[in-house]
Structure formats: C-alpha cells, structure tokens
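The tour goes from one selection to the next.

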Amino acid sequence: MAKITTTLLVITILILNSCRQKNVDPQPTDPPSQDTVAVKDKDETKKTDTVTVEKELLYDKYTLEDTYPYKDTTRRFQWEKIKAGLKTIDSMQIEHSSWGILQNYRNNNGEAPLVKEYHRNVYKRISDNYDVERYQSVPLYSLQDTVVPERYGRDGSLVKLIKGTDSTKFEKIETVYFPGEWLVPRKYVKEIADSIAFRSAIFVDRINENVVTLQKEGDKWMIRSMNPVTTGLHKPPHQQETPLGMFVIQEKKYKMFFLVDGTTETGGFAPYASRFTNGGYLHGVPVNAPRKDFIEYSASLGTTPRSHMCVRNATSHAKFIYDTFPVEGTVVFVIE
C-alpha cells in the first residue's frame, strides 16, 4: 500500500510541474560542448521530428558563440525557434507541393484594395488589424468573399499553391507563417519552379541582433555562419522594424541605392543586398555619398536596432549571403 501511495505521489508531482511549466519560455542553456546540436521535441517519442543542426562554417569572420555577453546581459542564438523553423521547411517538402511568393514590391502589381477593417498606424499608413501595411502588400480574400479582402499578406511571404481553382482571376493559397486558406488575385503570386528545393535558410533575430545561415546536407542542417547584425528601428516617420515572418529571397543587387530621408536625393548605397520583403534587404555596411568604397565593418553591428527595415551585416558576410544563398530557394525567418 505504501508503495502505491508513493507512486501516486510522484505522478501527481510530475503532473503539477508539467502544468506549471506549460507556458514558460525555454531558458537559455549553456553552449553545447561539441559542434553538433541535436535539438529534439519535448515529446521524445517523435524521433522522426528531430532536427539535427551541425556546425560547419563556410564564413568564419566575426563569429558569435551560442551564448555571449552583451553589456550587462547575455545574448544567444534561439536554437529552439530555429529548430522549429527548420522543421517547418522539412515538413513542407515531405510531399510534393507547388509553392509561390506573394509579390507587390513598391506596389508594382497594383495597390491592394482596402480590407474590411483597417486603421492608420503611427506612420500614417493604412494597416490591417494585424499591423500589416497596405503599401507593398497583397490582398487576401476569404474563400466566401471575393469582393473585399480580409487582411494583407506581406510581400515576399512564402505560400502553398492549392491547385484546381476554377477561378481565372484568383489563385487559391495556403499561408505558411500564419494558418489559413485564401484567394489572391493571380497578379500578386509568383509560382516557384518545381526544380527549386528549399535547402537554404537564414534566421534573423530581432531581440538578440544576430543572424545564422544554414544549408541542408543529407538529413542535417549545416550552420554556415553565426554573426552580429542590426535590424530595423521603430522610429516614425521613416525608419521601421524588420517585419516578423517567413519570407523568400526575391532578388539581389550588387549596390542597393537609398534616398536621404524625406527627399528624392540619393544618400548612398548598401553593398551586396538580398531583398526578402518590401524594402527589406540583407546587406553590408551602408556607404554614404559621396564616398564610393566599401566599408567592411561597423561597431554598431550586434548592438541595437538602427536600420530602415533592412538587416545590416558586415560587408563580407553580406557578400557571402549574396554569393551562396539562391534567389527563390532561400527561406528567411525573422524571429524575436
């Protein structure tokens, strides 16, 4: 009887601990003692869901450790969230599917119609209830209403194409970053070629101001670089945060020229720019006019947000991304 009572007591304690820990974010852990990080699900029985990440750097300048000091705090790479993103990429490709990218850079495909519920944000721009701005975005219609869109989808977002839609005007899609099936006017969707596989990933962390790049080799994701960055700063009317989401690199520019805030005057350029959403690029250290030569590094990297939505890297790291990670085949996650 005593043995049974003891067993019941142990089970009760375990259940109570489980309930208490259910909504607690995982705490930082010490860096692994080896270069291999195998992060498993909380449910250890799901062995097929394990994502293995192994460190094999192809770019080794300014490399950060898994955890590292910053002022009076500790910053880290959020391997739990990175693993979850990689699992999403892996699961997407288990069965053959057609994929597409939402596109409306600079409203090139036409200004999105007004959604059912909208407001003006602190930048005086129309946004939906999810704070996605109308400018450069794509209208998402519910399956029951193709007259007024429900919400906006960000330029560069990865979506699954659902074939067999009868409509000649709309493409039926499934969004990946947030759940749902939608109808989108076909002009806003670019289908990705069947020959492209998603075997490259970049994770930008807005809280820790770092970036990790990875490539899939066999059944492992190989870490190629771990570096400091600066992300976008919330500072109306010109500077904006780098938006959270799951995007695809859409184009590359050897030099991305930018304007002086509030003018039509060219203020300089950012080298080796890879665009993933709206005016958001992964690029090197900006060069202000009239200077023309590249700048390799800035002491502000890895500190606090200060960019205009873009993700600022050391210039040689931006070149590494530019040279190594392909257009339409690289998924970019922005996390925090």
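Start by selecting Cys-310, which is buried, with a relative accessible area of 5%; buried means under 20% relative accessible area, exposed over 50%, partly exposed in between (1.4 Å probe, protein chains only). This is a predicted model, in which local features need pLDDT of at least 70 and side-chain atom pairs count only at pLDDT 80 or more, while totals for chains, interfaces and linings use all residues. Residues are numbered from 1 along each chain as its sequence is written, and side-chain values use heavy atoms, with hydrogens and water left out.

Cys-310 sits in the loop between strand 21 (287-288) and strand 22 (311-312). Helices (H or I, at least four residues) and strands (E, at least two) are DSSP runs, numbered from the N terminus. Now show what surrounds Cys-310: leaving aside neighbours within four places in sequence, its contacts include Thr-230, Thr-231, Gly-232, Met-256 and His-283. Contact means heavy atoms within 4.5 Å.

Next, select His-283, found in strand 20 (residues 280-283). His-283 is buried too, with a relative accessible area of 4%. Beyond four places in sequence, residues in contact with His-283 include Met-256, Tyr-272, Cys-310 and Asn-313.

Keep both residues selected. An unreviewed UniProt entry places the feature "active site" at His-283 and Cys-310; UniProt positions are given in the numbering used here, feature names are shortened, and annotations may be inferred rather than shown by experiment. The two are spread over 28 residues of sequence but cluster in space, with a largest C-alpha distance of 7.4 Å.

Five strands form an open, antiparallel sheet in the order 12-11-10-5-13. Strand 12 (181-185) and strand 13 (189-191) are at the edges with a single partner strand each, so one side of each has no neighbour in the sheet. Two strands pair if DSSP finds at least two bridges between them.

Finally, select strand 10 (residues 158-161) and strand 11 (residues 170-175), which pair in the antiparallel sense over three bridges. Leu-161 has Ile-173 in strand 11 as its bridge partner.
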